[in-house]
Amino acid sequence: MASILVINDDPVQLHLLASLLEQEYFEVIRFVCSEKAWRWLQEGHVPDAIVLDLHMPGISGWRFCELLHSHFGSGKQVPPVLAVSATYTGVDAQNILRDMGASAFLSLPAEPKHFRQQVRRLVECPPPPQGPHIWMVSSNESEIQRIHHVFAERGWQVVGWQSGEQVQAASNPVSPDIVIIEDPLPDRVSEDFAVWCKRQFPHTMCIVLGVDPTQRRTFSDAIYVDAYMPKGCDPLNLISLCEKGRWERALSRVEHLLDVRTDDLKESEAQFKGLFETLPDVLVIYDHQGMMTHVNAVGAQQLGFSPDALEGKALSLIRPEVLVERSITTMTGAGGGVPKWEETVLRKKNGTVLPVEMMERVVRFQGQRQTLLVARDLTARKNMEHENATLEQQLRQVQKMEAIGRLASGVAHDMNNILTAILAHASLVKVRAEAGHPLWMAGDVIEKAVRRGKELTSQLLGFARQGKHHHVAVDIHEVIQEVIGLLGRTINKTIVFQADLSAAKPCVVGDPSQLYQILMNLAANACDAMGDSGELIVQTANECVTPEQASHVPGLHAGDYVLIRVTDTGSGIPPEIQGQIFEPFFTTKEQGQGTGMGLAMVYGIVKNHRGYIGVTSSLGGGTTMCVYLPSAPYVAPKSKSVPTNEPSHGSGHILVVDDEKDVAEAAQAILEYLGYHVTVVLNGKEAVNFCQDSDIPVDVVLLDMVMTDMSGAECFAQLRAIRPDVKVILCTGYDRNHAVQDLLNQGVAGFIQKPYDLDELAQVCTLVMKDGMQVETCLTGASS
């Protein structure tokens with residue numbers, strides 16, 4: 001097994017290079033100190049190859065090469081040397097190392113495969129030592145041969161030239177390491193030729209052999225001659241001079257290279273430091289022991305430190321120990337590859353953590369291999385992500401409530417159709433039997449059960465936003481005072497009511513009874529939450545919501561609002577159920593104490609009034625419900641007298657249009673009992689076709705609002721086109737909404753909500769039959 005001596009003062013780099021060689025089954029002897037490695041060689045150890053770092057304290061790589069050749073001498077084979085460096089690169093470094101006896105050179109970082117190949121090549125096929133290239137310029141052939149013979153024995157390459165002119169005339173000669181000039185030359189002055197050599201080959205050593213070397217010619221270019229020797233001198237002395245000059249020349253070039261490299265490093269570090277300090281991220285440089293060597297001021301400030309408080313301290317001060325160990329392991333294992341960003345945390349001075357996106361990479365800093373940590377503050381991004389997640393959750397909740405509302409609306413509509421048939425026939429049973437008769441009592445029980453079902457469907461429609469009956473100006477302060485007055489007489493006296501009605505413009509447009517329901521339900525829920533004692537605070541204010549504010553609250557639109565706050569001092573609502581409190585049938589009360597429709601109805605009514613409702617609550621801190629209703633100037637509502645006469649039997653022809661057969665037949669049974677002539681059709685198209693026969697009189701059309709083939713609105717338009725004076729009563733399982741109001745404005749004579757009984761249908765038909773009377777009240781449509 002071949003042995004490799006690896007010398008590197010960087011422990012991390014030493015470990016990496018040694019590990020790569022051990023993977024190739026080399027025996028690796030490693031030294032972090034070049035002096036200890038030199039003593040190991042002096043003990044007689046001879047490795048098969050040496051991997052030598054150039055830039056080391058104590059004995060540098062350059063000096064180590066020189067010592068190697070002096071140690072082994074001319075009679076022993078010097079182990080091949082692979083010089084490595086992350087500091088020096090380029091042809092100059094390679095040439096200098098060749099002069100100093102190194103076999104190969106490799107710049108770091110290098111590909112592991114390439115590094116292993118270089119070492120294996122040196123071990124298996126060590127290159128022969130390359131002696132210096134000598135020019136001997138002399139007209140004396142015997143002198144050339146004498147010197148050539150001695151130099152060739154040492155492996156030096158000698159080329160003889162007869163004159164300076166011959167040298168200058170040669171095309172592309174190999175650059176000499178040493179030029180020996182015998183003075184005088186036949187064609188020119190020796191020193192002039194030395195000047196030419198130096199200008200052509202700046203790193204060449206020039207030696208002049210003269211009769212009397214002590215008497216040098218005085219001329220300005222004499223500095224181009226490195227040494228003078230007498231003619232016929234001992235070749236061994238000449239060789240010694242050449243070797244000494246060669247080493248001095250190499251060392252001089254090393255010093256120059258060091259100066260250049262030092263200047264480059266200073267400039268590079270100055271640029272790096274300027275960039276380092278101006279970046280807005282946390283920048284930390286730490287060594288292989290996990291000690292921070294440099295921290296930028298901006299980053300230290302983000303962590304609550306000063307740079308001086310961190311530099312020289314362990315990285316674990318700002319990073320968890322597990323992460324520090326992983327970072328040092330990564331630094332030891334590899335230095336290449338593309339850095340990867342990962343989300344983690346840094347520890348601040350006050351003990352809190354700073355969420356960051358961080359990456360690390362190995363760098364060369366202040367002449368050592370260290371690790372640069374870059375951490376970007378994610379606080380703003382995390383806050384934005386949290387805000388977006390909250391908005392998304394709110395939006396999903398709004399969409400969920402919309403979907404539940406549509407479902408509730410459809411269920412209530414279908415239930416009202418079913419209840420209509422039941423209630424109508426129950427009414428007929430009661431009017432056809434004496435009070436107290438078992439048949440009358442059965443009808444009464446059925447009627448009461450239907451009305452309880454009707455209350456539930458009315459609440460469902462309120463939640464589904466299907467019931468804004470009236471568009472009138474309402475003073476919210478009057479409604480609040482009415483609710484507080486009622487609760488004050490019915491709720492536990494230990495609950496204190498406070499009203500802070502500060503809204504300068506307290507009017508909104510809406511349905512008074514539904515707005516009353518909003519406040520009554522919110523106040524009643526607040527009292528239930530407080531139990532035996534507490535404080536109920538109702539506040540109002542005028543609030544202007546900007547587009548920017550509205551963009552952060554799904555369901556809230558920009559505009560002027562009357563803000564109503566209902567605050568209690570109860571136990572609060574748990575955070576995990578706050579998103580469910582407006583859902584139908586959701587309740588935290590015990591079975592039998594609540595239907596779960598109160599807040600659902602409030603939600604629907606608020607939405608139907610183009611408002612917004614929100615909740616803020618904390619366990620043990622009470623609850624505040626905030627209701628935003630669009631503000632409006634106050635307009636006194638028109639007073640209307642509602643007829644109170646008992647409905648009577650009538651006469652005339654009534655066309656019943658309803659796609660629910662049971663409902664249509666129930667209406668037919670009531671109207672026929674009241675004395676009307678009734679025709680039933682099961683869709684809008686049949687009604688239109690029926691009315692096209694002008695010979696058949698039609699006094700009133702009882703028209704269903706929602707039908708499958710043709711809507712009530714479309715049927716009404718076609719009926720008016722055929723018979724402009726026809727009187728139409730709308731009926732629907734929905735509450736009176738905007739669509740109903742639009743048709744009333746277009747000339748519909750009246751409206752009745754399903755389910756209806758005999759008295760209600762009789763009254764509305766009687767009123768409509770009177771000329772000029774439009775029934776704009778829904779006698780049974782008000783929510784309970």
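Trainee: Where does M415 lie, and what makes this residue count as partly exposed?

Mentor: In this predicted model, M415 is placed in helix 13. Its relative accessibility is 36%, and because partly exposed covers the values between under 20% for buried and over 50% for exposed, M415 counts as partly exposed.

Trainee: Why is the pair of W135 and W161 called edge-to-face?

Mentor: The ring centres are 5.6 Å apart and the planes stand at 65°; since a pair needs centres within 6.5 Å and edge-to-face needs planes over 60 degrees apart, the pair of W135 and W161 is edge-to-face. This pair links distant parts of the chain, with W135 in strand 6 (residues 133-137) and W161 in strand 7 (residues 157-161), 26 residues apart, and both W135 and W161 are buried.

Trainee: What makes the pair of W135 and F201 edge-to-face as well?

Mentor: Here the distance is 5.5 Å centre to centre and the angle is 85° between the planes, which is to be set against the cut-offs of within 6.5 Å and over 60 degrees. F201 sits in the loop between helix 8 (190-200) and strand 9 (205-210), 66 residues apart from W135, and ring pairs link W135, W161, F193, W196 and F201 into a cluster.

Trainee: How do you know that R376 and D281 form a salt bridge?

Mentor: Their closest N and O atoms are 3.5 Å apart, and because the limit for a side-chain nitrogen and a carboxyl oxygen is within 4 Å, the contact between R376 and D281 is a salt bridge. At 11% relative accessibility D281 counts as buried, the cut-off being under 20%, whereas R376, at 35%, counts as partly exposed.

Trainee: Which salt bridges does E343 form, and what parts of the chain do they tie together?

Mentor: The side chain of E343 meets R381 at 2.8 Å, N to O, and since E343 lies in strand 13 (residues 342-347) and R381 in helix 13, the pair ties together parts that are 38 residues apart in sequence. E343 also meets K382 at 2.9 Å, N to O, and because K382 lies in helix 13 too, that pair ties together parts 39 residues apart in sequence.

Key: Residues are numbered from 1 along each chain as its sequence is written. This is a predicted model: local features need pLDDT of at least 70, side-chain atom pairs count only at pLDDT 80 or more; totals for chains, interfaces and linings use all residues. Side-chain values use heavy atoms; hydrogens and water are left out. Helices (H or I, at least four residues) and strands (E, at least two) are DSSP runs, numbered from the N terminus. Buried means under 20% relative accessible area, exposed over 50%, partly exposed in between (1.4 Å probe, protein chains only). Rings of Phe, Tyr and Trp (its six-membered ring) pair if their centres lie within 6.5 Å; planes under 30 degrees apart count as stacked, over 60 as edge-to-face and the rest as tilted.
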